Amino acid sequence: TEEDVFADEMAQEAEGYIDLIMPNHPISLDETEYVDLCFTHQDLINLGMPADVPLHIIGFEPLIDGAKNLHHLVMFGSGFDGDLPNGSCDQTAVAMSGGLALTWGYAPGGVPWEMPDEAGVPLGPGEDSYKMFYLNYHYDNRWQDTGITDSSGVRIYYTSRKRQYDAGILQLGDPIVQLAGEPIGQGLVRHDFNCPSSCTSFNFREEVTVYKEVLHMHEKGEFMFNEVIRDGEVMRRASVDYFDFEQAGLHEVQQGTFTIKPGDSIRTSCSFNTTSSKKGIEYGYGSQDEMCVSYMHYYPKQKLPLGVCGANWFFPACSATVTTEPISEVERVFGVVPSIPDIDGVDDTERSDKETSSASLPLHFSSLVTFACTTTTAALLLFSFGGPLP
């Protein structure tokens, strides 16, 4: 199985692991509940992380206790290595002190995954390494279940044998849910988010290799794709033909690696079907609201503010434009990618015929969103963090 292969790889490559676990949280009767959990630098050392050794994280394994009620779980890394004010897990304080970058996530159907041989997530000593982790849990209790608790989390595997590159994540579409409260539309509707070429031109020092591409919507999501565009030409397209949140809330496109160059733009498209809905569906943080987000895991890591190129983003060069239109049908290709030149020069028809299939990572920021996007001063603070940026 996939889990067995992962276990064998970690047994050979990892020197140790750390479990970051929610301590028996009582789930509320609210339909949507968000809970934050922080592990400081000292916490990580107490859990077994070597104190003075530069490390790379090379694998992530979800440890899921209550799958029914855990809508998603995401983890951010920070360069902050001090004590949190009054022991609180305040997202804004963490971000201001050491930056904040997405490092891992889980949604229904999530499985363990390992980093490519060339890259790892930096941990421990070092200017660009993470010193602490911030976990954000989204619980869904629309069923009003009583007396239930959760002790879910993640196991991170590490090695002191540093790899060639540090890895980052590029977040596309509407990862910060800037469109919260805006209606999706009635019937079958397509929403396109266009990340401009200025984002990669301004922030990418070099071309990067994408090794993992993950697509995320909620329950009304029908079809989703990413397109990489260079000089007005679509160089690559990857899609999830049939989206099913319960099967895999974070769909990983099955494909080989590919490259993105400075000056490339990226279109993220989500098609929703609200025909069966009795009430209007909106973008938002709730379990029955909608999202449109894609994640490109890549190396080497670039200096991109919070790793975001999304709708109405505070950084103009990486603010995506949004278009919406009703459609009569979606553009499914049933697992076969059109024969267009790949971005790395390999024709997509030479790859696996599973190119547009799906498998298993949403993201929201909560208080940081308000902090980051409501004032110019906050935006400048985020852009000038001394800690690692995604």
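The following conversation works through the reasons behind some of the terms used for this predicted model.

Student: What makes up the chain as a whole, and how much of the chain counts as buried?

Tutor: The chain has six helices and 23 strands, and 58% of its 390 residues count as buried. The chain also exposes about 15100 Å², of which carbon and sulfur atoms supply 48%.

Student: Why is Asp8 called partly exposed?

Tutor: Asp8 has a relative accessible area of 48%, and the term covers values between the buried limit of under 20% and the exposed limit of over 50%, so Asp8 is called partly exposed. Asp8 is found in helix α1, which covers residues 2-13, and together with Glu2, Glu3 and Asp4 forms a negative surface patch.

Student: What makes helix α3 largely enclosed by the rest of the structure?

Tutor: Helix α3 covers residues 91-98, and six of these eight residues are buried, so the helix is described as largely enclosed. The buried ones are Gln91, Thr92, Ala93, Val94, Ala95 and Gly98. Just after α3 comes Gly99, which takes a positive phi of about 75°.

Student: Which residues of the largest nonpolar core touch the most other members?

Tutor: The core has 34 residues, and those that touch the most other members are Leu20, Phe60, Met75, Phe133, Leu135, Tyr137 and Ile156. Among the elements that give two or more residues to this core are β1 (16-21), β5 (70-78) and β9 (132-140), and β9 gives the most, with four residues.

Student: How do you know that Glu252 and Lys212 form a salt bridge?

Tutor: The closest N and O atoms of Glu252 and Lys212 are 2.7 Å apart, and a salt bridge requires such a nitrogen and oxygen within 4 Å, so the pair qualifies. Glu252 lies in strand β18 (residues 250-252) and Lys212 in strand β15 (residues 208-216), and therefore the pair ties together parts that are 40 residues apart in sequence. Both Glu252 and Lys212 are buried.

Student: Why do Arg237 and Glu227 count as buried?

Tutor: Arg237 has a relative accessibility of 14% and Glu227 one of 7%; buried means under 20%, so both residues carry that name. Their side chains meet in a salt bridge, at 3.3 Å from N to O. Because Arg237 lies in strand β17 (residues 233-240) and Glu227 in strand β16 (residues 221-230), the pair ties together parts that are 10 residues apart in sequence.

Student: What makes the pair of Arg230 and Asp264 a link between distant parts of the chain?

Tutor: Arg230 is in strand β16, while Asp264 is in the loop between β19 (258-260) and β20 (265-273), and the two are 34 residues apart. Their side chains meet in a salt bridge, at 2.8 Å from N to O.

Student: How many salt bridges does a search of the whole structure find, and which residues are linked in a network of them?

Tutor: The search finds 12 salt bridges, and the residues linked in a network are Asp140, Arg142 and Glu219.

Notes
Residues are numbered from 1 along each chain as its sequence is written. This is a predicted model: local features need pLDDT of at least 70, side-chain atom pairs count only at pLDDT 80 or more; totals for chains, interfaces and linings use all residues. Side-chain values use heavy atoms; hydrogens and water are left out. Patches are made of residues with over 30% relative accessible area and no salt bridge: like charges are joined within 9 Å, nonpolar side chains (Val, Leu, Ile, Met, Phe, Trp, Tyr) within 5 Å. Accessible areas come from the Shrake-Rupley method with a 1.4 Å probe; for residues, only the protein chains shown count as cover. Lys and Arg count as positive and Asp and Glu as negative; His and the chain ends are not counted. The place of a charge is taken as NZ of Lys, CZ of Arg, CG of Asp or CD of Glu. Buried means under 20% relative accessible area, exposed over 50%, partly exposed in between (1.4 Å probe, protein chains only). A nonpolar core is a set of buried Ala, Val, Leu, Ile, Met, Phe, Trp, Tyr and Cys residues joined through side-chain atoms within 4.5 Å.
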